[in-house]
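Here is a short walk through one structure. Keep the sequence and the 3D view side by side as you read.

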Amino acid sequence: METLVSILAAAVRSGTPILYATLGEILTEKCGVMNLGLEGIMLMGAFSGFFVSLSTGNPWLGLAAAFGVGMCLGLIHAFISVSLGGNQVVCGLAMTMFGGGASALMGRGCIGMTIRGIDGFSIPWFSELPLVGRVFFSQDVMVYASYALVVVLYCFFTATRPGMNLRAVGENPKAADAMGLPVARIRYLYTVLGAGLVALGGAYISVIYNRFWAESMTAGRGWIAVAMVIFAVWNPFQAALGAYLFGGVEAFQLRLQAAGTSVPTPLLMMLPYVMTILVLLFISIGKGRRVSLSAPAALGAPFHREERE
Amino acid sequence: MKLRAEKRIDSPAWMTVVVTLASVCLAFVAGGVFLYLQGVSPLTAYRMILRSAFGSVYDLSETAVRALPLATVSLAVMLCFTMLIWNIGAEGQAFIGALTAAAVVRYFPMEDRLAMLSLMALAAAVAGGFWAGVAGVLKAKWNVSEIISTLMLNYIAIRLLEHFVYGPWRDPSSLGFPMTRPFIPQARLPQLWGTRIHMGLYGLLILSAFMWLALKKTRWGYEIRIMGSNARAAHYAGMNYARSVVLVMFLSGAIAGIAGMCEVSGLQGRLQAGFSAQYGYTAIIVAWLSHLNPPLSLLVAFLIGALLVGGEALQIGMGLPLASVQILQGLILFFVLGGEFFYNYRVRLDFGRPGFGGER
């Protein structure tokens, strides 16, 4: 029981960076822009978060800096994919390369340093609940903030005017334009905000989870988040489920490794990736129609006002 | 006064060249600014890249050694991109090709070099093709995003290879390094002209000519291009999309698999962890920069190969992380993507006078 609780708590913790990145990407994809550069943005977030925490001694400033850097990178993506109508898949790959290279170069002086980070605290009353309390309410601020973010995003998409405008732009930009919505401006806004959240996910790894910086320390989590968006069928609650599931596999595999099982480590490390494919496959088979219905219809398609199809 | 963009009816061919060159130059300028801000002299860095890649005959041959797998893999992804299938998994397909080739050497060693190499190439092609074909079937049958599936298959392939080189196939005399025993001489692709360039070069030249013919001059290539540019028209014309996806993915994976086999058989002579310097991803840049043109990709691969050699020189000479040149690769892609706007659109200043530039 004790082991189970600690594995589940670890699952939430290691799922949190993926959750932030997934939520950011959902926000971006809902408005019709596909940003595949999550890995690069997370790395830049992880680096800038760590660097600012280290140099100012204030981890909160680090998180804020990461958010800002993420927004700047989102601005680049928005400029190329919204204003210039460039290919979004290739732009995302470019972002991945740029972010990986730039964070490696800029972080070369930070290797081997550690920071104080942000400590966790238990939420009174909630943390005393059986099982749930230890798993969900004895974490750190960023984990609690991510719960709130899930709820806020869900309500935003389904129950607010700006949220519906955002979805209109992602589903049918032409109709949204005819309604008088500023399609380009809306796409810019949510691409930039989404990238900020993605970077925050990266910063969670370096500032709170590991408290050190290492080259390409996100280890493919950005790409996992891209897959999680589809797993979650663009629903924030399912994104949380997916992220914790993934975090659980990661935590479980670390335990197995520590316990010295006979299964070789590389094979264990394959698990999350195999799981991602299987989950995608089952979702596509089972809810094939639902996936295509939930995907923003204009995802990845540039919009130019003056052109007709 | 306002900037307006108008779609060009047709873009002159010289624009492609000029815009691409200008984009690459701008990328180097932007990269230089970035390096400068990081306290690295861009002139020293660029000079070091140029000298290490083109400085002598030996340097040129080393650049070609990097360009070989890049060009081969770029042909593989080009095939998919022509059909607008995003095969991001060439890296994993190359890993599987290399792994299978090594398995053949380990379990079916032969006396005859030609037979040995043929069997290795065949096995690598089938295995790589299968690895990509899985993603193709998932895409064709259940519409699973090939971007995600090929990417996840990359990580699986890398771990699979690590499992063997760290575990059952590890050379006991390798002092703990994750690598297999050296291959038998029959399993080595001959190297040419006393350099490390291997016989795969001939294969690459033939393949690129063949791909150019297949894509531009055959009915099959035409169908693939139509499916890439206008899926709806292709559907109405009765083209079988599902079958083509699987076939194109299989062929693409097969080429990538052979590239992986050539790398271990021609260059390294054994299977080791991390044998590919992320060629699978870099090849995507090559394919894109060469506008999906097979012969042109040879040239582009050579230039990007120079960047990779330069990255190693920066690591040794200036103590920068090997990943630093990825900044340049990313910037080049950014600027080329941005530049494409200028040959698709004409930018005009709109002075807001009636009847001038206000037409819809």
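Start with B:Asn154. Leaving out residues up to four places away in sequence, B:Asn154 touches B:Ile88, B:Gly89, B:Ala90, B:Glu91, B:Gly92 and B:Tyr281 (contact means heavy atoms within 4.5 Å). B:Asn154 lies in helix α6 of chain B, residues 146-166. Helices are DSSP runs of H or I, at least four residues, numbered from the N terminus. B:Asn154 is buried, with a relative accessible area of 0% (buried means under 20%, with a 1.4 Å probe and protein chains only).

This is a predicted model, where local features need pLDDT of at least 70 and side-chain atom pairs count only at pLDDT 80 or more. Residues are numbered from 1 along each chain as its sequence is written, and chains are lettered from A in the order in which they are written.

Next comes helix α5 of chain B, residues 113-142. Its 30 residues should span 44 Å, and the end C-alpha atoms are 43 Å apart, which agrees. The expected span is 1.5 Å times one less than the number of residues. α5(B) bends by about 25° at B:Ala132; the bend is the angle between axes fitted to the seven residues ending there and the seven starting there. After α5(B) comes B:Asn143, with a positive phi near 55°.

Now find helix α13 of chain B, residues 325-344. Of its 20 residues, 17 are buried, so α13(B) is largely enclosed by the rest of the structure.

How values were computed
Side-chain values use heavy atoms; hydrogens and water are left out. Helices (H or I, at least four residues) and strands (E, at least two) are DSSP runs, numbered from the N terminus. Buried means under 20% relative accessible area, exposed over 50%, partly exposed in between (1.4 Å probe, protein chains only).
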